[in-house]
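Subject: Structure handover

Dear colleague,

Here is the structure that I promised to pass on to you, with my notes below it. Please look through the sequence and the model first, and then read on.

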Amino acid sequence: MKNRVVITGLGVVSPNANNVIEFEQALRDGRSGIKFLSQLEELNFGCCIGGIPDQLAQEMDKYFSPKQAAQLNGNISYAAVATMEAWKNAGLITDNDAADADWDTGAIVGCGISDMATIAEIIVPMVNAGKSKKMGSRVVQQVMGSGISAYIGGLLGLGNQVTSNSSACNTGTESIVEATWRIRSGRAKRMVAGGAEGPSPYTWGGFDSMRVLSRKFNDEPEKGSRPMSASACGFVPGSGAGVLILENLETAISRGAKIYAEIIGASVNCGGQRGGGSMTAPNPTGVIRCIKEALSDACIKAEAIDLINGHLTATFADPYEVQNWSIALERGPDTFPYINSTKSMVGHCLGAAGAIETIASVIQLQHGFIHPSINCEDIHPEIIPFNRRIAQTCIEHKELNIVAKASFGFGDVNSCLILKKWNEPA
């Protein structure tokens, strides 16, 4: 019998709020964190808007000394703050004096693209100038693929598996799936899971070149991220971090932890870049199979899904995603669950997106509401039949019980989580 996996801690750094309490209010208010970025205009980007967390220094001060904070940068700084919030939120304490590692706890926290700012602004110029000997001893850990998880492992003294995954925009959700499976199998009692992505024009430039970023709302940034809208014109780049503490149910109950939700289903797959899939577009069969496999894993019927927190980026793919959900769940417009997109408020946070959006899903389950998808007042014509189920205002829904969260990434990779509100006696 597999171990049941529950969520006991949440931590978030996002463009519209920097901690869980403020993030809940931002979700309820439909508050956009998208702003005009003069640096992108100066660099001649077509898209000059993006999502960057504000006032991170205040959050850093809660958990780190000035010396520690000065050593953090980019995605690692976001991940460090979100991890400490999640750890504290779970009622856990850090023991810097412990002689032994915590062998039962590990971390899977990844990113889509490593710290491009450090690479572009420090490593490349200094190496080209023949000054590699002066770069310092911390450059490698700042840019290595496992830099985030390595830092978290040392921060918390973790002795179980500590690694970073990377599967483009699927990274954050995939990390939670992988951590769930590790606990289920009995290989860990507790896992830190999530994703982080730093802001940098060097990260976003390639997407601007592909012309997949929003270019028509530079004068109205808060209206630029428009999932499911007829006037959507590409995604808005974002940044931040989402971190969750997952535990086996027995461990959580034994220490009296507050339980936010249970992960009852999890699935990952790849469409193989076949059947209409490509490096940048999902194979619809792969998406449908991934959703169905998560439902099967959860041992529930599709009718039990109350809400879909979609991938929904504000590109041409949104109508196809809604259609794929409809086919996978075998629920047409009349019986379709509610659906929303957290990206409408925070943009597309790439490797952090799935983790931030999973936290949004858990918050909605915990407090019984459905946050609005903003900027879709003009529903895309291909999904108008689903209009009634697209949340455009905040909906109080105390009976909200099960949420499906999916992410899809470059490389035709997919993942899906089925989350259930925790309503069992402790």
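Thr251 sits in helix α11, which covers residues 249–254; helices (H or I, at least four residues) and strands (E, at least two) are DSSP runs, numbered from the N terminus. With a relative accessibility of 13%, Thr251 counts as buried, a word that stands for under 20% relative accessible area, whereas exposed stands for over 50% and partly exposed for what lies in between (1.4 Å probe, protein chains only).

Two points on how to read all this. This is a predicted model, in which local features need pLDDT of at least 70 and side-chain atom pairs count only at pLDDT 80 or more, while totals for chains, interfaces and linings use all residues. Residues are numbered from 1 along each chain as its sequence is written, and side-chain values use heavy atoms, with hydrogens and water left out.

The protein as a whole

The protein has 15 helices and 14 strands. Its radius of gyration is 20 Å, close to the 22 Å that the globule rule gives for 426 residues, so the protein is as compact as a globular protein of that length; the radius is taken over C-alpha atoms, and the rule is 2.2 Å times the number of residues to the power 0.38. Along the principal axes, the C-alpha atoms fill a box of roughly 65 × 55 × 40 Å. Of the 426 residues, 58% are buried, and among contacts between residues at least 6 apart in sequence, 79% join residues at least 24 apart.

The accessible surface comes to about 16800 Å², of which 51% belongs to carbon and sulfur atoms; such areas come from the Shrake-Rupley method with a 1.4 Å probe, and for residues only the protein chains shown count as cover. There are 36 positive and 42 negative side chains, and the centres of the two sets lie 3 Å apart. In that count Lys and Arg are positive and Asp and Glu negative, while His and the chain ends are not counted, and the place of a charge is taken as NZ of Lys, CZ of Arg, CG of Asp or CD of Glu.

In helix α1 (residues 20–29), the buried residues are Val20, Phe23, Glu24, Ala26 and Leu27. They cover an arc of only 165 degrees around the axis, which puts them on the same side of α1; the arc is that of the directions from the helix axis to the C-beta atoms. These buried residues of α1 pack against β1 (5–13), α5 (74–89), α14 (343–346), α15 (353–367) and β11 (369–370).

Helix α8 (residues 147–156) has seven of its 10 residues buried, so it is largely enclosed by the rest of the structure. The buried residues of α8 are Gly147, Ile148, Ser149, Ile152, Gly153, Leu155 and Leu156, and their packing partners are α5, β4 (105–110), α7 (139–143), β5 (162–163) and β6 (190–197). Just after α8, Gly157 takes a positive phi of about 70 degrees.

Backbone angles and single residues

Met228, although not a glycine, has a positive phi of about 70 degrees; this residue lies in the loop between α10 (201–209) and β7 (240–248) and counts as buried at 1% relative accessibility. Ala314 is likewise a residue other than glycine with a positive phi, near 85 degrees, and its place is in the loop between β9 (307–309) and α13, where Ala314 counts as buried at 0% relative accessibility.

Pro319 belongs to helix α13 (residues 317–329) and is buried at 3% relative accessibility. Not counting residues up to four places away in sequence, Pro319 touches His380, Glu382 and Ile383.

Glu121, in helix α6 (residues 116–128), is partly exposed, with a relative accessible area of 48%. Between Glu121 and Tyr202 there are 81 residues in sequence and 9.5 Å in space, C-alpha to C-alpha. Ser132 lies in the loop between α6 and α7 and is partly exposed, with a relative accessible area of 42%; Ser132 touches Met126 and Val127, again not counting residues up to four places away in sequence.

With best wishes

How values were computed. Contact = heavy atoms within 4.5 Å.
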